[in-house]
Amino acid sequence: MRAFRLSMVLLVLVAASCGGAVPAPTPAANTVLLPNMLVEAQGQVLLRRAGWNDYQPAVFGAALEPGDLLRVAAGGSAAVFCGDTAQWAENPRTLQADGSEHSVPCQAGRPPRPWSEVAALRGEAAVDLPYVLWPRDTALLSDRPALRWHPLAGTTAYTLTWIGDDGLERPAARVEGDTTAWPAGWPALQSGATYILVVEAGGRRSDAGNEEHVGLALHLLPEAEARQVREQEALLRAQALAPAALDLLVAEIYRGHGLRAEAAALLELMPGERAPAAGLALGQLYLETGLGTEAQQVLQQVLLQAGGSLELEAQARVGLGLALRLQGDAAGAQEHFASALSLYEQLGDRAEAAQVEALLGR
Amino acid sequence: MASPSPAPPDNPPAPAGAPANRLWDWLTFGALVVLVFHLMGLWYRWGRPDPQFLGFTSAVAGLLAWFSLLGLQTEKGRRMAVRLDDVFSFQRFLPTAWSRCLATWLAAGVVALLFYGGSPLAASLYNRHGAAALEAGRYSVALRDFRQAASLHPHDPTTHYNMAFVYVTTNNYDDAADEFLQTLELDDTFWPAYNNLGHLYLLQGKPEEALQVLLVGQRQAADPVGQAVLTKNVAWAYLELELPRAALASLEAAQASLEALQGQGQSVAVYLAETHRLEALALAALGQPEESRRAWQDSLGYALTVVESPACGAGATRLPVDCLDAIRWAAEAREALAAATGEP
């Protein structure tokens with residue numbers, strides 16, 4: 001029996017040494033994988049994406065992938081933020097300004113979203129209605145969000161009606177201007193419920209347009225997920241990055257959780273001149289929520305800022321095409337798509353060209 | 001006064017050779033055979049991982065068992081067994097036939113448990129130690145550990161694969177091929193074995209054999225990374241067979257799969273570097289210098305992603321195989337690009 005006991009002890013020890021290792025911490029299931037991003041680009045910084053014919057000027061905020069090559073001329077500076085949380089401790093990574101080619105120093109990172117995920121199927125086209133700008137088609141972190149709508153010429157007073165299935169009474173509120181804080185008398189939003197904001201002025205209702213209530217629903221993010229968002233944001237804000245880069249990345253976290261309203265608010269309120277990458281992200285958010293007119297305005301601005309960046313111009317044109325298509329201008333949309341296709345072909349970007357060809361219906 | 005004679009016991013002992021005791025003895029004998037067999041198995045697996053030694057000891061054990069069985073049928077043999085029993089004093093601790101039988105079966109059970117349960121666990125430990133030694137570049141230690149693991153758990157394909165890997169690293173290609181084949185005999189879905197065997201054949205200048213193995217591997221591999229990597233190596237085999245168009249078709253498929261995997265966050269840059277390198281070679285063979293130059297640039301991009309990664313950084317004491325390959329491909333790409341642009 002003693003031998004048996006000894007054997008058992010030995011076996012237990014062996015088993016413990018085989019299977020008793022502490023598992024490595026893994027990122028939480030809902031942690032959003034951020035893209036790798038060029039968070040600093042001063043002087044001559046050139047980018048060659050995998051598949052491109054040659055190097056092109058790189059702009060702040062460009063999403064980068066493993067396989068892309070960067071060249072920083074002497075006197076310039078460039079730094080990359082790696083989206084994989086495992087690499088956050090070493091962010092941002094400064095590239096040598098030696099004129100030689102360098103890889104993107106990141107092992108993983110979220111690839112760019114395909115345009116098919118960006119375009120809403122229906123959007124607001126009637127400019128004579130006080131259609132809702134925010135919050136619409138979104139999850140929310142705040143249970144008392146700010147409200148904003150399209151202002152009507154010569155109208156200052158609006159009536160807000162809140163439709164919800166949480167069983168709580170929120171009487172119609174009369175407010176001045178085109179934006180307001182959460183009305184004082186209204187109970188906070190409840191998790192698990194779905195809501196729609198309706199704005200009315202002079203007999204014109206926001207839900208009388210071509211979209212009615214489609215694509216307007218919003219909900220409060222579940223508490224556990226909201227906590228994760230806040231934690232990831234806090235970790236990100238602790239990084240030694242420029243404020244514009246931080247805002248851009250936090251907006252990506254928000255977007256990853258469907259928090260479109262909060263992401264758009266962040267990008268709209270960025271201090272100083274909005275970087276083209278931020279404009280592009282904002283334009284995409286407008287497109288996702290069916291706000292064609294607003295998307296068009298922002299993306300036109302990006303187009304003006306594109307300068308010599310063929311990629312930025314191509315991206316802005318794809319966005320503009322989608323915005324026009326949302327507003328029913330098929331011919332205008334095709335024109336922008338064709339321009340974008342030509343730019344991508346010039347770059348040698350077969351993957352993006354294939355996406356645009358799909359938009360062109362080829 | 002005469003002392004009173006002792007009263008006869010209520011249950012007089014059964015005479016020697018009574019059927020009940022005979023049954024217990026037979027059962028004890030069976031347990032002894034089981035015990036000896038597993039003890040020898042343990043000795044073989046733990047102490048002497050040598051198939052010839054196993055054959056020898058198995059034969060000796062068999063002979064001993066038969067001699068014991070036959071010997072116990074004779075009076076002399078039984079007396080010898082009783083004397084042995086007296087010497088080891090089993091009677092003192094285990095006075096009855098059934099208790100001796102039970103004790104022997106228990107001992108046999110413990111040894112069998114160690115044999116069947118303990119060996120795979122120990123093999124796993126040896127595999128871990130071997131892998132650590134391999135990573136540290138101590139190839140002889142790694143090989144010894146993997147051999148011990150194979151001895152403890154002969155039907156584990158991973159162990160044979162690990163041994164093959166050591167052989168490849170030490171340029172012992174014949175033994176490596178044998179171990180890869182043994183791995184595939186044990187698990188015909190283990191894609192890295194197909195891939196490395198095909199790779200080995202390509203290094204040995206045997207593209208036909210390589211293509212055959214890699215195509216089978218492509219059909220067997222369920223893992224998407226495995227599929228993509230095997231497809232890339234199929235392209236390499238086509239290229240070696242001077243079939244650049246077939247190579248390009250395979251490379252296109254491999255690139256699409258690898259790019260999709262990269263989009264999912266998988267680290268496949270080293271495979272993409274090689275894929276584009278092969279593409280550049282195939283395009284050059286087809287007389288398309290501009291496309292070839294672009295493919296070299298792509299290869300350089302992915303190769304530098306690996307070369308400039310922390311795993312291949314200055315802190316690493318030994319460079320992993322992927323780093324060495326990527327360094328070579330980056331140099332090759334730079335050379336080809338410089339030649340294409342006429343740079344010095």
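**Briefing: a predicted model with chains A and B**

In chain A, pLDDT stays under 50 over residues 1-29, a stretch for which the model has 18 contacts beyond four places in sequence. Where pLDDT is low, the predicted coordinates should not be read in detail. This is a predicted model. The mean pLDDT of chain A is 86, and 90% of its residues reach 70 or more.

- Four strands of chain A form an open sheet, in the order β4-β1-β6-β7, with antiparallel pairing.
- β4 (63-64) and β7 (93-94) of chain A are the edge strands; each has a single partner, so one side of each is left without a neighbour in the sheet.
- β1 of chain A covers residues 36-42 and pairs with β4(A) over 2 bridges, in the antiparallel sense.
- Within that pairing, A:Asn36 has A:Leu64 of β4(A) as its bridge partner.
- β1(A) is also joined to β6(A), by 5 bridges, and these two run antiparallel.
- Here A:Glu40 has A:Ala79 of β6(A) as its bridge partner.
- β6(A) and β7(A) run antiparallel too, joined by 2 bridges.
- A:Ala79 stands opposite A:Thr94 in β7(A).
- β6 of chain A (residues 77-81) is mostly covered, with 4 of its 5 residues buried.

**A buried glycine in chain A**

- A:Gly319 sits in helix α7 of chain A, which covers residues 310-326.
- A:Gly319 is buried: 28 other C-beta atoms lie within 10 Å, and the cut-off for a buried residue is 20 or more.
- Leaving aside residues up to four places away in sequence, A:Gly319 touches A:Leu280, A:Gly283, A:Gln284, A:Leu287, A:Ala295 and A:Leu299.
- A:Gln297 is 22 residues from A:Gly319 in sequence, and their C-alpha atoms are 11 Å apart in space.

**Chain B on its own**

- Chain B has 15 helices and 0 strands.
- Of the 344 residues in chain B, 37% are buried.
- Take the contacts in chain B between residues at least 6 apart in sequence: 55% of them join residues at least 24 apart.

**Where chain B meets chain A**

- The contact between the chains involves 26 residues of chain B and 26 residues of chain A.
- On the chain B side, the elements that give two or more residues are α5 (97-135), α12 (244-263), α13 (269-285) and α14 (289-307).
- α5(B) supplies the largest share of that side, 10 residues.
- By class, the side of chain B that touches chain A holds 12 nonpolar, 11 polar and 3 charged residues.

How values were computed:
Residues are numbered from 1 along each chain as its sequence is written. Chains are lettered from A and ligands numbered from 1 in the order in which they are written. This is a predicted model: local features need pLDDT of at least 70, side-chain atom pairs count only at pLDDT 80 or more; totals for chains, interfaces and linings use all residues. Two residues are in contact if their C-beta atoms, placed from the backbone, lie within 7 Å. Ala, Val, Leu, Ile, Met, Phe, Trp, Tyr, Cys and Pro count as nonpolar, Asp, Glu, Lys and Arg as charged, and the others, Gly among them, as polar. Two strands pair if DSSP finds at least two bridges between them. A residue is buried if 20 or more other C-beta atoms lie within 10 Å of its own, exposed if 12 or fewer, and partly exposed in between; C-beta atoms are placed from the backbone. pLDDT is the predictor's confidence in each residue, from 0 to 100.
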